[in-house]
Amino acid sequence: GAGDVGKRWLQEWREFRPKAVVDIHPRKVGTRIHGYNVISPEQIPPPGDAFIVVVVGARGARDDIRARLNPKGYREGEDYLFMA
């Protein structure tokens, strides 16, 4: 996410840096945050092509993210992991 929690985590990445940041807010998609491109959920590579680290702080966000990723074949713990 490109919210406050996600922005703080982006500043901590050193060796393994994310390829992009995913956000659902239309005004954030297409921008850059801390040097990272912000993409929409529809732009996430298919399962197996990327590992997704989820860093969001909004209440209910985890359930929303699972509802978006799981039907597309992503598996929690294998294709994506919640960090915050």
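**Fold, strands and core**

Modeller: The protein exposes about 5,800 Å², and carbon and sulfur atoms supply 52% of that area. Accessible areas come from the Shrake-Rupley method with a 1.4 Å probe; for residues, only the protein chains shown count as cover. This is a predicted model: local features need pLDDT of at least 70, side-chain atom pairs count only at pLDDT 80 or more, and totals for chains, interfaces and linings use all residues. Residues are numbered from 1 along each chain as its sequence is written, and side-chain values use heavy atoms, with hydrogens and water left out.

Biologist: Which pattern does the protein follow along the sequence?

Modeller: Start with the elements. Helices (H or I, at least four residues) and strands (E, at least two) are DSSP runs, numbered from the N terminus. The protein has two helices and five strands. Read along the sequence, the pattern is α-β-β-β-β-α-β.

Biologist: In β3, which residue is the bridge partner of V21?

Modeller: Two strands pair if DSSP finds at least two bridges between them. Strand β1 (residues 21-22) and strand β3 (residues 36-39) run parallel, joined by two bridges. The β3 partner of V21 is V38.

Biologist: Which residue takes a positive phi in the hairpin of β2 and β3?

Modeller: Strand β2 (residues 32-33) runs antiparallel to β3, with two bridges. I33 stands opposite Y36. Two residues lie between the strands of this hairpin, and the one with a positive phi near 50 degrees is H34.

Biologist: What is the angle between the planes of Y80 and F82?

Modeller: Y80 counts as buried because its relative accessibility is 0%. F82 is buried too, at 11%. Rings of Phe, Tyr and Trp (its six-membered ring) pair if their centres lie within 6.5 Å; planes under 30 degrees apart count as stacked, over 60 as edge-to-face and the rest as tilted. Y80 and F82 form an edge-to-face pair, 5.7 Å centre to centre, with a plane angle of 85 degrees.

Technical notes
Buried < 20%, exposed > 50% of the residue type's maximum accessible area, 1.4 Å probe, protein only.
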